[in-house]
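I opened the file and kept notes as I went. Each entry records what I looked up.

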Amino acid sequence: MILCFGTFTDAEANALDFANYYDEFQYNITTTTTYEGVKYTFVFNPDKKVCLIEKAEVDNSDVIIKLPSSATRLENGVKVKYTVVGIGDKVFFDCSSIQEVYTPPTITFIGTSAFESCTNL
């Protein structure tokens, strides 16, 4: 098992109120993209230009997961880059094929049971 957790700056820490973490994301604003063979769904906080991984589709051949540090969303015809700051609840729940996970330093929050039942980690 390899989990590489990043650190965050004071500015990033101040930008996120962990007590109300999920309340800051607009679940009606989503996008789905594939990164390193895994299909991710992101939810966004347009005010702070940050996003959260809400869902990941992992198949049995995905043994090494490398999380993206950013996601792009189309706004008024313009691509806008958002920083990925968290992994939502149960995103990788019961993904028994995963053996390693690499997180970028932008990840500052990991939700409840995000890696629960990942028996090969």
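**Contacts.** I count a contact when heavy atoms lie within 4.5 Å. With that cut-off, I took the contacts between residues at least 6 apart in sequence, and 53% of them join residues at least 24 apart.

**Confidence.** The protein averages 80, and 77% of the residues score at least 70. Over residues 1-19 the pLDDT is below 50. That stretch still has 29 contacts in the model beyond near neighbours in sequence. Where pLDDT is low, the predicted coordinates should not be read in detail.

**Elements.** I found 1 helix and 9 strands. From the N terminus on, the order is β-α-β-β-β-β-β-β-β-β. Buried residues make up 40% of the 121 residues.

**Core.** Which members of the largest nonpolar core touch the most other members? I got Y40, F42, I65, L67, I87, F92 and F115, out of 25 residues in that core. β3 (38-45), β4 (50-57) and β7 (78-87) each supply at least two residues.

I then followed F115. Leaving out residues up to four places away in sequence, F115 touches I87, F92, V101, I110 and L121.

**I53.** I looked up I53 in strand β4. Is I53 buried or exposed? I53 has a relative accessible area of 0%, and because the cut-off for buried is under 20%, I53 counts as buried. I listed its contacts beyond four places in sequence: Y40, T41, F42, L67, P68, V84, G86, I87, G88 and V91. I also took a C-alpha distance from I53 to T31. They are 10.0 Å apart in space and 22 residues apart in sequence.

**Aromatic pairs.** How many aromatic pairs does a search of the whole structure find? The search finds 3. One of them is F44 with Y82. The ring centres are 4.7 Å apart and the planes stand at 70°, so I logged the pair as edge-to-face. F44 is buried at 0% relative accessibility. Y82 is buried too, with a relative accessible area of 0%.

F92 and F115 form a stacked pair, 5.2 Å centre to centre with 5° between the planes. This pair also links distant parts of the chain, 23 residues apart. F92 is in the loop between β7 and β8, and F115 is in the segment after β9 (109-110). Both F92 and F115 are buried.

**Charges over rings.** I checked Arg and Lys against ring faces. R73 lies over the face of F44, at 5.5 Å from the ring centre. K90 lies over the face of F93, at 5.3 Å from the ring centre.

**S97.** Where is S97 found? I placed S97 in the loop between β7 and β8 (100-102). S97 has a relative accessible area of 11%, so I marked S97 as buried. A polar atom of the S97 side chain lies 3.3 Å from the backbone oxygen of D59. Beyond four places in sequence, S97 touches V58, D59, N60, D62, V63 and N120.

Notes. Residues are numbered from 1 along each chain as its sequence is written. Side-chain values use heavy atoms; hydrogens and water are left out. A nonpolar core is a set of buried Ala, Val, Leu, Ile, Met, Phe, Trp, Tyr and Cys residues joined through side-chain atoms within 4.5 Å. Buried means under 20% relative accessible area, exposed over 50%, partly exposed in between (1.4 Å probe, protein chains only). Helices (H or I, at least four residues) and strands (E, at least two) are DSSP runs, numbered from the N terminus. A polar contact is a pair of N or O atoms within 3.5 Å; within protein, one must be able to donate a hydrogen and the other to accept it, and residues adjacent in sequence count only if both atoms are side-chain atoms. Rings of Phe, Tyr and Trp (its six-membered ring) pair if their centres lie within 6.5 Å; planes under 30 degrees apart count as stacked, over 60 as edge-to-face and the rest as tilted. A charge sits over a ring if NZ of Lys or CZ of Arg is within 6 Å of the ring centre and within 35 degrees of the ring normal. pLDDT is the predictor's confidence in each residue, from 0 to 100.
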